[in-house]
Amino acid sequence: MSHQQDLSEIYTFLPCETPREWVECALKNEAKMLIDHAHCERKAASTAINLMYRYPDRLDLQAKMSRLAREELRHFEQVLAILKKRNIPFRGMSASRYAGEMRKYVRKNEPGQLVDVLIIGAFIEARSCERFAKISPYLDDTLKKFYLSLLKSEARHYQDYLTLARDAAGGSIDERVAEFADLEKNLILGEDEQFRFHSGVKKCIEGLGVGE
């Protein structure tokens, strides 16, 4: 498939593939997946805007994060429209462990703090992209088309985050990326109590309430 070729760099970057168990759980809890997806898009926009406020002197960051925030909010609106058409109410939902666990390892000093936040952003975008591609073949035509339409922008977001991280570090970030890759792998392959878009493996029961 063409999108598999387009995402070869992301597959190399990520330390593992999404487990089949996550796909099976997502298909049994499609409403929950869509609601959490909407939350993820909104959080992504918020992260980008917060970075713009925290680092006003970094002009490349300003430009890339401004564009990213606009795109993520547009994706948020698109997911909300899908929820409305399917009569799925949008509601609050607790966050997955994924981003929070990685952020525990962010350094406190600068530029280390910025570098780490940007690397985490790259993993979030890359994993999102990989999961859109992973689950799309099993979705109805409308959702499949929508998720495949997100691949290009999500892949670019991952690249933007890595570029900004290298610029902030003033050199190679390979060692730090490898450290976060190990953590990311453990989160993706480890067990989670709740199903979320970025959750790990969960023994899934069909029909779990979206408020879980």
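This is a predicted model: local features need pLDDT of at least 70, side-chain atom pairs count only at pLDDT 80 or more; totals for chains, interfaces and linings use all residues.
To centre the view, select C40, K43, A44, A99 and I124, which lie closest to the pocket's centre among the 25 residues that line the pocket. Colouring the lining by residue class will show eleven nonpolar, seven polar and seven charged residues.

Next, keep α4 and α7 in view and hide the rest. The two helices pack at an angle of about 155 degrees, with their axes 12 Å apart, and are therefore roughly antiparallel to each other, while their crossing is left-handed. On the α4 side, select M33, H37, E41, A44, L51 and R54, which meet Q113, L114, V117, L118, E125, F132 and I135 of α7. This contact comprises eight nonpolar, two polar and three charged residues.

Now stay with α7 and bring in α10 (residues 174–189), which packs against α7 at an angle of about 45 degrees, with the axes 10 Å apart; that angle makes α7 oblique to α10. Here the crossing is right-handed. Select D116, I119, I120, F123, R127 and R131 in α7, and then, across from them, R176, V177, F180, A181, E184 and I188 in α10, the residues they meet. By class, seven residues of this contact are nonpolar and five are charged, with no polar ones.

Definitions and conventions. Residues are numbered from 1 along each chain as its sequence is written. Side-chain values use heavy atoms; hydrogens and water are left out. On a 1 Å grid over the protein atoms alone, a cavity is a set of points where a 1.4 Å probe fits but cannot get out, and a pocket is an open set with protein on both sides within 12 Å along at least five of seven lines; lining residues have an atom within 4 Å of a point. Ala, Val, Leu, Ile, Met, Phe, Trp, Tyr, Cys and Pro count as nonpolar, Asp, Glu, Lys and Arg as charged, and the others, Gly among them, as polar. Axes are lines fitted to C-alpha atoms, for helices over the stretch in contact, and angles run from 0 to 180 degrees between N-to-C directions. Helices (H or I, at least four residues) and strands (E, at least two) are DSSP runs, numbered from the N terminus. Angles under 35 degrees count as roughly parallel, over 145 as roughly antiparallel, 65 to 115 as roughly perpendicular and the rest as oblique. A crossing is left-handed if the near helix is turned anticlockwise from the far one by less than a right angle, and right-handed if clockwise. Contact means heavy atoms within 4.5 Å.
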